[in-house]
Amino acid sequence: MTRQIRLDSYLYRKTFNLMQKTYYDPADLKKFGNISDWNEELGKKFFDYYGKVFEEGALSEREKSLIALAVAHTIQCPYCIDAYTGDGLQRGITKAEMMEALHVAAAIRGGASLVHGVQMMNKVNKLDM
């Protein structure tokens, strides 16, 4: 019995320690610019484009930040969520606006999943004939 308790305790500690480590390291966000290291030409083109996209235009930089935050949640990018949560706060985006944008993203993602059900229904109807 004591041996089993020790084994359970060991397994719990190992599992707990593994759960504390994540695949995504928040420190890696600061290394984003390094993606140009292995291909400077394409990296420069990407960052030029990225910078241009987020400039004030028909949409304000604030609106673009809020859109980016919603998209970040939709694609489930922890780096983007981190970056655009901070960026949004700096641009005066409120917690309520962030949460509403997140719900818009969730509704679109959920709707996109459900509308693909039409393909399933079409296939079932075709096979049932």
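**Labels and their cut-offs**

Modeller: Start with arginine 91, which is partly exposed at a relative accessible area of 33%. Keep in mind that this is a predicted model.

Colleague: Why is arginine 91 called partly exposed?

Modeller: Buried means under 20%, and exposed means over 50%. Arginine 91 has 33%, so the label is partly exposed.

Colleague: What makes arginine 91 and glutamate 61 a salt bridge?

Modeller: The closest N and O atoms are 3.2 Å apart. The cut-off is within 4 Å, so the pair counts.

Colleague: What does the pair of arginine 91 and glutamate 61 tie together?

Modeller: Arginine 91 sits in the loop between helix 4 and helix 5 (95-115), and glutamate 61 sits in helix 3 (residues 61-74). The pair therefore ties together parts that are 30 residues apart in sequence. Glutamate 61 has 28% relative accessibility, so this residue is partly exposed too.

Colleague: Why is the contact of glutamate 97 with arginine 62 called a salt bridge?

Modeller: Their side chains meet at 2.5 Å, N to O. That is within 4 Å, so the label holds. Glutamate 97 lies in helix 5 and arginine 62 in helix 3, so this pair links parts 35 residues apart in sequence. Glutamate 97 is partly exposed at 28%, and arginine 62 is partly exposed at 30%.

Colleague: Which residues do salt bridges that share partners join into one network?

Modeller: Glu61, Asp87 and Arg91. The whole structure has seven salt bridges.

Colleague: Now the largest pocket. What is its volume, and which residues line it?

Modeller: The volume is about 260 Å³. The lining is Asp28, Leu29, Lys31, Phe32, Ile35, Phe46, Tyr50, Tyr79, Cys80, Ala83 and Tyr84. Helix 2 (40-53) and helix 4 (78-90) are the elements that give two or more residues to this lining. Helix 4 gives the largest share, four residues.

Colleague: Are lysine 31 and aspartate 28 buried, partly exposed or exposed?

Modeller: Lysine 31 has a relative accessible area of 45%, so this residue is partly exposed. Aspartate 28 has 28%, so the label is partly exposed here as well.

Terms used
Residues are numbered from 1 along each chain as its sequence is written. This is a predicted model: local features need pLDDT of at least 70, side-chain atom pairs count only at pLDDT 80 or more; totals for chains, interfaces and linings use all residues. Side-chain values use heavy atoms; hydrogens and water are left out. On a 1 Å grid over the protein atoms alone, a cavity is a set of points where a 1.4 Å probe fits but cannot get out, and a pocket is an open set with protein on both sides within 12 Å along at least five of seven lines; lining residues have an atom within 4 Å of a point. Grid points are joined across faces, edges and corners, and a volume is the space filled by probe spheres set on the points. Buried means under 20% relative accessible area, exposed over 50%, partly exposed in between (1.4 Å probe, protein chains only).
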